[in-house]
Amino acid sequence: MSQAGAFPPGKKITVVFVIGGPGSGKGTQCSKIVRHFGFTHLSAGDLLRQQVQSDTEHGAMIKNLMHEGKLVPSDIIVRLLLTAMLQSGNDRFLVDGFPRNEENRRAYESVIGIEPELVLFIDCPREELERRILHRDQGRDDDNVDTIRKRFQVFHDSTLPVVLYYDRMGKVDGAKSADAVFDDVKAIFTQLLTTQASQGGNASSRRSNPPLCSVL
């Protein structure tokens, strides 16, 4: 049963999925979108790491999965996302690093059921992603060569099919500088919000596919 009804009836809820390989700059771009467009940034990875730091049995289970480069069960992630959405008080959400596989996508559609207005795919060569991760200093336990390569493989095997499912998306070249990438992202979001304003309406959308925007 969908829990999206917990939002005020008739309220327009805007959801944007932000998808990209590890190190593609999803978090950086989401921070810029938050500042410019008033979205709430929900990182699936950050929500999971908060659970890891909670020093609970649940958190320990998630920690072991992340150390092994495996994906956390979809129902756990969806419940964390839904709780964060409802607690935020906002109606515009960037969902960063989710869905990561078809199971994630189906769980989201079953539980939350709000179609994304846009799927932003940050495309970046694997060599550049590896270089970025190995040179960043965030104190993350999973930033080592072996785990990074496992994460790349998981992204290729599990997340790219989701990207293909959303065959109409906003795709940007993530190999450029963060500011240059955001110039492209900003154009996509300006178009999205301008279109929403011109169309009006109150209900959260439920479409077969999100709209197409591409800047490469």
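**Exercise 1.** Classify the packing of helix α1 (residues 26–37) against helix α8 (residues 178–199) in this predicted model.

*Solution.* 
Step 1. Take the geometry. The two helices pack at an angle of about 45 degrees, and their axes lie 10 Å apart.
Step 2. Apply the cut-offs. Under 35 degrees would count as roughly parallel, and 65 to 115 as roughly perpendicular. α1 and α8 are therefore oblique to each other.
Step 3. The crossing of α1 past α8 is right-handed.
Step 4. List the contacts. α1 contributes Thr28, Gln29, Lys32, Ile33, His36 and Phe37. Their partners in α8 include Phe182, Val185, Phe189 and Leu193.
Step 5. Sort the residues of this contact by type: 8 are nonpolar, 4 polar and 3 charged.

**Exercise 2.** Find which residues touch the most other members of the largest nonpolar core, and trace which elements supply this core.

*Solution.* 
Step 1. The core holds 35 residues; Val15 and Phe98 touch the most other members.
Step 2. Elements that each supply at least two residues include β1 (14–20), α2 (44–52), α4 (74–88) and α7 (145–165).
Step 3. α4 gives the largest share, 8 residues.
Step 4. A second, separate core has 18 residues, among them Val18, Leu94, Phe182 and Phe189.

**Exercise 3.** Describe the surroundings of phenylalanine 98 and its peptide bond to proline 99.

*Solution.* 
Step 1. Set aside neighbours within four places in sequence. Phenylalanine 98 then contacts Phe17, Val18, Ile19, Ala44, Ile77, Val78, Leu81, Asn104 and Tyr108.
Step 2. Check the bond. From phenylalanine 98 to proline 99 it is cis, with omega near 0 degrees.

Methods. Residues numbered from 1 in each chain as written. Predicted model: local features only at pLDDT ≥ 70, side-chain atom pairs only at ≥ 80, totals over all residues. Heavy atoms only, no water. Axes fitted to C-alpha atoms, helices over the stretch in contact; angles between N-to-C directions. Helix = DSSP H or I, 4+ residues; strand = E, 2+ residues; numbered from the N terminus. Parallel < 35°, antiparallel > 145°, perpendicular 65-115°, else oblique. Left-handed = near helix turned anticlockwise from the far one by under 90°. Contact = heavy atoms within 4.5 Å. Nonpolar A, V, L, I, M, F, W, Y, C, P; charged D, E, K, R; others polar. Core = buried A, V, L, I, M, F, W, Y, C linked by side-chain atoms within 4.5 Å. Buried < 20%, exposed > 50% of the residue type's maximum accessible area, 1.4 Å probe, protein only.
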